[in-house]
Amino acid sequence: MPNLEHPAYPAATLLHLESLVPCRESQVSMLLSIFGERQQFSFPSIFIYGHTSSGKTYVMQTLLNTLQLPHVFVNCVEYFTSRLLLEEILMQLQSSCSETEQTSHVHCDTFNDFVRLFKQAVVSKELEDQTLYIVLDRAEQLREMEANILPAFLRLQELTDRNVTVVLLSEIVWELFRPSIGCFEPFTLYFPDYSIGHLQKILSQNHPPEYSVDFYAAYINILLGVFYMVCRDLKELQHLAALNFSKYCEPVVRGEANERDTRKLWKNIEPHLKKAMHTVYLREISSSQWERLQRDDGEPGPLKGLSAHTHVELPYYSKFLLIAAYLASYNPVRTDKRFFLKHHGKIRKTNFMKKHEKISSLVTLQLLSMVGHNDQLDGPRYKCTVSLDFIRAIARTVNFDIIKYLYDFL
């Protein structure tokens with residue numbers, strides 16, 4: 001018996017939707033109840049929260065696309081200022097119902113301008129008779145914008161007098177999200193982490209057609225037995241499953257075992273999964289490097305990477321920021337042109353806009369430390385506190401030869 005039922009949508013469509021969102025049927029059913037029928041006014045704002053890789057973004061995109069509901073989907077990390085965010089919403093709205101017309105750039109400086117332009121766009125696109133959904137992914141970034149942005153989005157339905165619902169997707173709870181000045185309270189919906197049974201079901205759906213479902217399910221069971229206690233990130237587990245499956249199949253491909261020889265298959269894959277615990281999961285080497293190591297007939301030696309006591313999981317661009325901080329901390333200022341300019345002669349002075357980047361996470365990890373006073377007019381100054389071995393290991397993960405850019409090694 002299907003779990004999803006709604007009088008406004010065909011049973012076949014809901015059955016297809018249910019197959020696309022395994023283990024999230026209860027959340028989808030709740031959203032369908034909130035949405036109601038197309039022409040009905042829905043809740044003004046919905047706040048969906050949960051840990052990373054709990055299906056928030058995927059479920060919303062799948063739900064809106066499958067039911068063909070008019071919507072705008074914007075990532076607040078990519079559009080990190082209020083102007084960029086508001087203009088992107090209007091641009092998507094402008095092009096949502098027109099595949100042939102050329103979309104012109106929209107200028108929007110204030111939220112008042114946004115309300116006016118939004119009402120015009122809704123009328124021109126004939127969306128007045130159905131709910132329009134504006135989904136703001138990574139919505140915690142709204143807290144870094146002007147103080148009026150978040151409260152205004154939560155009351156957009158009231159401000160525009162249009163049938164619009166704003167959906168906020170975030171990894172933090174509403175209590176930490178709520179502005180101190182107060183605001184309209186959205187409907188909150190929690191997406192819990194996937195259980196091991198959920199992960200088993202979801203990952204087993206991606207089995208290769210040349211192998212049986214039971215064979216691939218047994219492989220996923222082994223994979224989760226090794227990684228579940230340290231990694232419950234669905235995307236990471238999908239990556240690991242795809243990366244190590246060829247090694248699991250080797251005894252079958254060579255004719256040394258069949259699909260039911262679980263013991264032989266486990267004995268073959270166990271040491272490689274344990275090595276993956278210290279390499280691929282922390283992205284110390286690339287996937288291609290890991291695959292080359294697995295193709296090696298001999299026992300691979302110790303992998304070059306971070307040592308056991310310096311394991312730190314950093315985002316990709318944070319690694320480059322840390323490398324740049326190390327170079328700035330330990331290279332003399334006069335060597336900057338030598339290392340980073342193609343021509344060392346006199347260059348024309350150019351005015352650049354200063355882009356202030358947040359590096360508080362690196363300070364929290366004690367990889368950077370603040371030097372000087374907080375009241376400096378030109379902004380805070382930081383010094384990199386990591387060792388040479390540590391920064392070399394970080395640089396290797398992004399294929400950057402830091403030794404070539406250090407003055408002490410000239």
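Trainee: How much accessible surface does the chain have, and what share belongs to carbon and sulfur atoms?

Mentor: This is a predicted model, and every figure here is computed from it. The accessible surface of the chain is about 23800 Å². Carbon and sulfur atoms hold 52% of that surface.

Trainee: What percentage of the residues count as buried?

Mentor: A residue counts as buried when its relative accessible area is under 20%. By that rule, 43% of the 410 residues are buried. The chain has 17 helices and seven strands. Among contacts with a separation of 6 or more, 70% are between residues 24 or more positions apart.

Trainee: Which residues of α4 are buried?

Mentor: Start with the general idea. An α-helix has 3.6 residues a turn, so residues three or four places apart point the same way. In α4 the buried residues are S82, L85, L86, E87, E88, I89, L90 and L93. Their cover includes the strands β2 (71–75) and β3 (132–137) and the helices α5 (111–124) and α6 (149–154).

Trainee: Which residues does I89 contact, leaving aside its neighbours within four places in sequence?

Mentor: I89 lies in helix α4 and has a relative accessible area of 0%, so I89 is buried. The contacts of I89, with those neighbours left aside, are V72, V74, F114, I134, L136 and F153. V135 is 46 residues from I89 along the chain, yet their C-alpha atoms are separated by 9.5 Å.

Trainee: What about a charged residue that is buried? Which side chain of opposite charge is nearest to E25?

Mentor: A salt bridge needs the charged atoms within 4 Å. E25, in helix α2 (residues 25–35), is buried and has no salt bridge. The nearest side chain of opposite charge is K201, 4.4 Å away. The side chain of E25 does reach the backbone nitrogen of C23, at 3.2 Å. Beyond four places in sequence, E25 is in contact with N3, L4, E18 and K201.

Trainee: And K56: how far away is its nearest side chain of opposite charge?

Mentor: K56 belongs to helix α3 (residues 56–66). K56 is also buried without a salt bridge, and E171 is the nearest opposite charge, at 5.0 Å. A polar contact of 3.4 Å links the side chain of K56 to that of S54.

Methods. Residues numbered from 1 in each chain as written. Predicted model: local features only at pLDDT ≥ 70, side-chain atom pairs only at ≥ 80, totals over all residues. Heavy atoms only, no water. Buried < 20%, exposed > 50% of the residue type's maximum accessible area, 1.4 Å probe, protein only. Helix = DSSP H or I, 4+ residues; strand = E, 2+ residues; numbered from the N terminus. Contact = heavy atoms within 4.5 Å. Areas by Shrake-Rupley, 256 points an atom, 1.4 Å probe, with all protein chains shown as cover. Lys, Arg positive; Asp, Glu negative; His and termini not counted. Polar contact = N/O pair within 3.5 Å; in protein donor to acceptor, adjacent residues only side chain to side chain.
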